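Work through the exercises below with the sequence and the coordinates open. Each task is followed by a solution in steps.

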Amino acid sequence: MSTDTRSQLNRDLVLRTAVEYADRHGLEALSMRKLADELGAGAMSLYHYVPNKTDLIDGMVDLVFAEIEPPALDVDWRTAMRRRAVSTREALNRHRWAVGHMEGRSTHGPANLRLHDAVLGCLRAAGFSVEMTVHAYSVQDAYIYGFALQETTMPLGTEEETAAMAEMMLARFPADDYPHLAELTVGHILPPGYDYAKEFEYGLDLILDGLERIRDA
């Protein structure tokens, strides 16, 4: 490793380079040696900034959390929760390797803690009890992360790419044998204007509607 590279190396650079690598190749492909090659550094030099791969992933996940818009208190709670949910889905679409690593980690970074605290604060300020705040938080995240996980396995892209995929699927099965799949594909997915993001927002609004009714009751 050159003196110039050593002087420029820091934890933030290491983590951001790791995120970019995982975005391109997947988390499974990431190793300390490959990360060192990306940085033009020696593998052993990275352990000064990230002592092990668990710490590396913890830091990478916190960078993803930092991209999520925390709920603000200057708007109504539904708007704040909706923005947070949409922002989370967008961040997870940018970093698809992160979906299964966002929650349940033993070490939580500052961006993670700030976001969680902001969500709790927003729900409490909206009048939810502590118990209902836990329920409301859990059901939203189960939906958001579940939807994002499903998207990682679905070959959806632009409207044209989605239509092409639907046509390919339609050609593979006889419409007479699978009439409801054919109806869905021809009547809903193939027509111009289909947007999978709208499916996410529709389900999200159902959850928020239900939470509002429970809170008001």
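**Exercise 1: salt bridges**

Task: Characterise the salt bridge between Arg24 and Glu38.

Solution. Step 1: the side chains of Arg24 and Glu38 meet in a salt bridge, with 2.9 Å from N to O; the term requires a side-chain nitrogen of Lys or Arg within 4 Å of a carboxyl oxygen of Asp or Glu. Step 2: the pair links distant parts of the chain, Arg24 lying in helix H2 and Glu38 in helix H3 (residues 32-39), 14 residues apart. Helices (H or I, at least four residues) and strands (E, at least two) are DSSP runs numbered from the N terminus. Step 3: Arg24 has a relative accessible area of 49% and is therefore partly exposed, and Glu38, at 40%, also counts as partly exposed. The classes are buried under 20% relative accessible area, exposed over 50% and partly exposed in between (1.4 Å probe, protein chains only).

The model is predicted, so local features need pLDDT of at least 70 and side-chain atom pairs count only at pLDDT 80 or more, while totals for chains, interfaces and linings use all residues. Residues are numbered from 1 along each chain as its sequence is written, and side-chain values use heavy atoms, with hydrogens and water left out.

Task: Which helices does the salt bridge of Asp205 and Arg82 link?

Solution. Step 1: the N to O distance in this salt bridge is 2.8 Å. Step 2: Asp205 is in helix H11 and Arg82 in helix H6, 123 residues apart. Step 3: Asp205 is partly exposed at 23% relative accessible area, and Arg82 is partly exposed at 27%.

**Exercise 2: aromatic pairs**

Task: How many aromatic pairs does a search of the whole structure find? Classify the pairs Trp77 with Phe128 and Tyr143 with Phe200.

Solution. Step 1: the search finds four pairs. Rings of Phe, Tyr and Trp (its six-membered ring) pair if their centres lie within 6.5 Å; planes under 30 degrees apart count as stacked, over 60 as edge-to-face and the rest as tilted. Step 2: the ring centres of Trp77 and Phe128 are 5.1 Å apart and the planes stand at 80°, so this pair is edge-to-face. Trp77 belongs to helix H6 and Phe128 to the loop between H7 and H8, 51 residues apart. Both Trp77 and Phe128 are buried. Step 3: for Tyr143 and Phe200 the centres are 5.4 Å apart and the planes at 15°, so the pair is stacked. Tyr143 in helix H8 and Phe200 in helix H11 are 57 residues apart. Phe200 counts as buried because its relative accessibility is 1%. Step 4: Tyr143, Phe147 and Phe200 form one aromatic cluster.

**Exercise 3: helix H8**

Task: Check the length of helix H8 (residues 130-152) and list the helices against which its buried residues pack.

Solution. Step 1: the expected span is 1.5 Å times one less than the number of residues. Step 2: the 23 residues of H8 should therefore span 33 Å, and the end C-alpha atoms are 33 Å apart, which agrees. Step 3: the buried residues of H8 include Thr133, Ala136, Tyr143, Phe147 and Glu151. Step 4: the buried residues of H8 pack against helices H5 (53-66), H6 (77-94), H7 (110-125) and H11 (196-216).

Notes
Contact = heavy atoms within 4.5 Å.
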